[in-house]
Amino acid sequence: MRPVPPAVAALALLCTVSLGCTTGCSRTTAPPPTAALPAHRGGIAAEVARVTPEVLGATYRAGCPVGPERLRLIRMNHWGFDGRVHRGELVAHERVVRPLLRVFGAAFDARFPIRRMRSTAAYGGDDARSMADDNTSAFNCRRVTGDAARLSRHAHGDAVDVNPVENPYVDRYGVVFPPAGRPHLRRARAVPGMIRAGDALTRAFEAEGWHWGGHWSNPDYQHFSNTGG
């Protein structure tokens, strides 16, 4: 067997981890634990790494439905409300890394603004603090906000909350989270960072088979999950 030329091997590797996969590329192979994925035209420039205890902080505890070995730290660029590119961090289950990279790649291309993107560990695992800071986040081993009897999909690492202030959640008792989001329950008036049916973000999530909480009877406008929960 002849050796594979270095240029061909490099192209094959690029095809495997590329965000913009084309014919012959794999969309299902999980990226290596510390892979740096190439940006498409200077886009999200994503890096994926295993999580550390410092990254997880208070978001993880023994008995959570997913262990640290199945979680990944995604570092990627996003557009901010200031019209500039910022570096964000998102912790999620390894099986949803690729869908999330495609979603946030599409959001970046559309210049959809994200206020901030930090691990919820930066808020001591406190979802209320994270929402109040308009923080976009994913994994957090916690109960459903406003319904402590149920474990949140965020505890599984396969749900994302985006711009909580512009996209508030209304629980079954009518309580709005975060409180500063109440003015944005009026969805007819579009504001930067607001998620709306048919926009670039919802289309990107729908293309991956994810569900938007904005359609629920108790709307959760910030929430997307790949299970519908």
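I started at threonine 59, which sits in the loop between α2 (53-56) and β2; helices here are DSSP runs of H or I with at least four residues, strands are E runs of at least two, and both are numbered from the N terminus. This is a predicted model, where local features need pLDDT of at least 70 and side-chain atom pairs count only at pLDDT 80 or more, while totals for chains, interfaces and linings use all residues. Residues are numbered from 1 along each chain as its sequence is written, and side-chain values use heavy atoms, with hydrogens and water left out.

Buried or exposed? I looked up threonine 59. Threonine 59 is buried, at 1% relative accessible area (buried is under 20%, with a 1.4 Å probe and protein chains only). Its side chain reaches the backbone oxygen of leucine 56 at 2.5 Å. Leaving aside neighbours within four places in sequence, I found threonine 59 in contact (heavy atoms within 4.5 Å) with Thr120, Ala121, Gly125, Phe139, Asn140 and Cys141.

Next, the strands. β2 (residues 71-79) pairs with β3 (residues 85-93) in the antiparallel sense over 9 bridges; pairing takes at least two DSSP bridges between two strands. I noted glycine 88 in β3 as the bridge partner of methionine 76. The two strands make a hairpin with 5 residues between them, and glycine 83 in the turn has a positive phi of about 80°.

Last, helix α5 (residues 200-207). Its buried residues are Ala200, Leu201, Thr202, Ala204 and Phe205, and they pack against α3 (97-109), β11 (211-212) and β12 (223-225). After α5 comes glycine 209, with a positive phi near 85°.

Definitions and conventions. Buried means under 20% relative accessible area, exposed over 50%, partly exposed in between (1.4 Å probe, protein chains only). A polar contact is a pair of N or O atoms within 3.5 Å; within protein, one must be able to donate a hydrogen and the other to accept it, and residues adjacent in sequence count only if both atoms are side-chain atoms.
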